[in-house]
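Reader: I am new to this structure and would like to learn how to read it. Could you walk me through it?

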Amino acid sequence: MVYAIVRAGGRQEKVSVGDLVTLDRVPAEAGSTIELPAVMLVDGDQVTTGADDLAKVKVTAEVLENVRGKKVVIHKFKNKTGYHKRQGHRSELTRVKVTSIA
């Protein structure tokens with residue numbers, strides 16, 4: 001089984017060919033391809049972690065769509081003072097499909 005650990009949006013994701021992964025927003029249009037930097041490559045019993053060897057590894061993915069995440073509601077409240085503050089947040093996300101690891 002071949003899989004790679006890639007760096008995407010400040011986090012690391014374990015991916016293999018055909019996986020659907022949701023990443024932080026990538027500046028790319030739907031239908032285009034992007035290349036993700038590999039941190040580690042596992043090919044059966046062989047594990048590749050050296051920077052020189054990983055420079056040759058290419059993990060390509062196809063951008064399926066740009067979406068927004070679930071709404072997170074932040075509510076701050078202090079008792080007996082009349083203070084409350086309400087704030088919301090939705091993350092900008094990109095859904096991609098890994099097409100090849102070479």
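Reader: Which residues have the most contacts inside the largest nonpolar core?

Author: As a general idea, nonpolar side chains tend to be buried together in soluble globular proteins. In this predicted model, the largest nonpolar core has 20 residues. Ala-4, Val-15, Leu-23, Ile-34, Val-59 and Val-96 are those with the most contacts inside it. Two or more residues of this core come from each of β1 (2–8), β3 (20–24), β4 (33–36), β5 (38–43), β7 (59–68) and β10 (92–101).

Reader: Which residues is Ile-34 in contact with, leaving aside its neighbours within four places in sequence?

Author: Ile-34 is in contact with Val-26, Ala-28, Val-59, Thr-60, Ala-61, Val-63 and Val-96. Two of these partners, Val-59 and Val-96, are also listed with Ile-34 among the core residues with the most contacts.

Reader: Now the strands. In what order do the four strands of the open sheet come?

Author: The order is β2-β1-β5-β6, with antiparallel pairing. At the edges are β2 (11–15) and β6 (46–48), each of which pairs on one side only. From one strand to the next, the twist averages 10°.

Reader: How many bridges join β1 to β5?

Author: Five bridges join these antiparallel strands.

Terms used:
Residues are numbered from 1 along each chain as its sequence is written. This is a predicted model: local features need pLDDT of at least 70, side-chain atom pairs count only at pLDDT 80 or more; totals for chains, interfaces and linings use all residues. Side-chain values use heavy atoms; hydrogens and water are left out. A nonpolar core is a set of buried Ala, Val, Leu, Ile, Met, Phe, Trp, Tyr and Cys residues joined through side-chain atoms within 4.5 Å. Buried means under 20% relative accessible area, exposed over 50%, partly exposed in between (1.4 Å probe, protein chains only). Contact means heavy atoms within 4.5 Å. Two strands pair if DSSP finds at least two bridges between them. Axes are lines fitted to C-alpha atoms, for helices over the stretch in contact, and angles run from 0 to 180 degrees between N-to-C directions.
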